[in-house]
Amino acid sequence: MKILGALTTCAAILAAGTGFAGDVKVGMITTLSGGGAGLGIDTRDGFLLALKQAGADNIEVVIEDDQQKPDVAVQLADKMIQSENVDVLTGIVWSNLAMAVVPAATAQGKIYLSTNAAPSALAGKGCHPNYFSVSYQNDNLHEAAGAYATKAGITKAFILAPNYPAGKDSLNGFRRFYEGEVVGEIYTQLGQTDYAGEIAQIRASEADGIFFFLPGGMGISFVKQYAGSGVELPLVGPAFSFDQGILGAVGDAALGVKNTSQWNKDIDNEANKTFVDGFLAEYGRLPSLYAAQGYDTANLLISAAEKAEVSDTEGFRAALKEADFASVRGKFSFGANQHPIQDIYVREVVKEGDVLTNRILEPVLVDHVDAYAAECSM
């Protein structure tokens, strides 16, 4: 495994190697600076850990920082495709960046494996044989939150999310499975850090619960400000606002909050144990959902490269579609639109010793297929 990058250059890690059919060059564009850096760092670290554990010396990875800017991501993708001659692209965290990069990359014959961003526009009529989402479809964790909020007896919900593709998908997903009344809805600015106005609107509403999707630093700011506001309505959200990399910054204000995810460190299977133990040993911290998705994406790639040459596009796509790898999630398969069919759980934020983390309570959606798969013509 060779790792190259403008900001991060690592020495080649060579091992015994797996039974690869041929070499694969991967371009990873992810967020390594600014407020969303933790998400991209975890994505990168999970991906590289899987390659190291597998001894995947036939995979070369070029890593670049998109700075959470669509124009930068496009420039990097063009360079990787035209100058670096990558075979596969991956790593984008944010849906607005994915929408700027993925359609052009797949149209040029490159395979894109999504470690996170999976907007609805790429799941239905905009699906493509070269595009695989290894994470979810954007709506999925929010659909589970809507189902859980209904089960938990929240009858009047106030909902908020950032004004970008994943934010819109999140509120649509929540509404799809929520059976109560939405009494307030706000789209915030992407990257916003002051939520005094939104909390004032929540206080004035008749809501008996709040659903929010505010990933990265946005969620840290909101939860801290909410905890100090005196408003005591229950919070429900997707994993992104209560994931491992965020909980330390949020602090005890997150204790007891319910959130939804397709992965957690306590899922009981050998692949997950190997991942969690290996990540902790390699990096000195517990892994996040983003790290788990990066890890699964790398193992999917490894499984395909063992069966087909990447130059054999149809054969390589077929090998990817088989998803013949041990996922940290346990059950994993691709639907007709090459998005996962998987279980989604509700988790609770707890403290283990001095460490804030999540534990699974129960599955909310089982063998869940996304809402857009029927619109895909593949």
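**Labels and their grounds**

Author: In strand β13, the bridge partner of S261 is Y345. This is a predicted model, in which local features need pLDDT of at least 70 and side-chain atom pairs count only at pLDDT 80 or more, while totals for chains, interfaces and linings use all residues. Residues are numbered from 1 along each chain as its sequence is written, and side-chain values use heavy atoms, leaving out hydrogens and water.

Reader: What makes β11 and β13 a pair?

Author: Two strands pair if DSSP finds at least two bridges between them. β11 and β13 (residues 340-352) have 4 bridges, in the antiparallel sense, so they pair by that rule. Strands are DSSP runs of E with at least two residues, helices are runs of H or I with at least four, and both are numbered from the N terminus.

Reader: How do you know that β10 pairs with β11, and in which sense?

Author: 3 bridges join β10 (residues 235-238) to β11 (residues 258-261), and the two run parallel. P238 stands opposite T260 in β11. From β10 the chain crosses through helix α8 (residues 244-250) to β11, and this β-α-β crossover is right-handed.

Reader: Why is a crossover called right-handed?

Author: With the strands pointing away from the viewer, the path from the first strand over the helix to the second runs clockwise. The label also applies to the β-α-β crossover from β7 through helix α5 (residues 165-177) to β8. Strands β7 (residues 156-162) and β8 (residues 181-188) run parallel and are joined by 7 bridges, with L160 opposite I186 in β8.

Reader: Why is helix α1 called roughly perpendicular to helix α9?

Author: α1 (residues 37-54) and α9 (residues 270-283) pack at about 105°, with their axes 10 Å apart. Axes are lines fitted to C-alpha atoms, for helices over the stretch in contact, and angles run from 0 to 180 degrees between N-to-C directions. Angles under 35 degrees count as roughly parallel, over 145 as roughly antiparallel, 65 to 115 as roughly perpendicular and the rest as oblique. That makes α1 roughly perpendicular to α9.

Reader: Which residues make that contact?

Author: Contact means heavy atoms within 4.5 Å. Among the residues involved are L48 and L49 of α1 and F275 and F279 of α9. The contact of α1 with α9 divides into 5 nonpolar, 4 polar and 4 charged residues. Here Ala, Val, Leu, Ile, Met, Phe, Trp, Tyr, Cys and Pro count as nonpolar, Asp, Glu, Lys and Arg as charged, and the others, Gly among them, as polar.

Reader: What is the angle between α1 and helix α10?

Author: The axes of α1 and α10 (residues 289-305) cross at roughly 40° and come within 7 Å. By class, their contact has 12 nonpolar, 6 polar and 1 charged residues.
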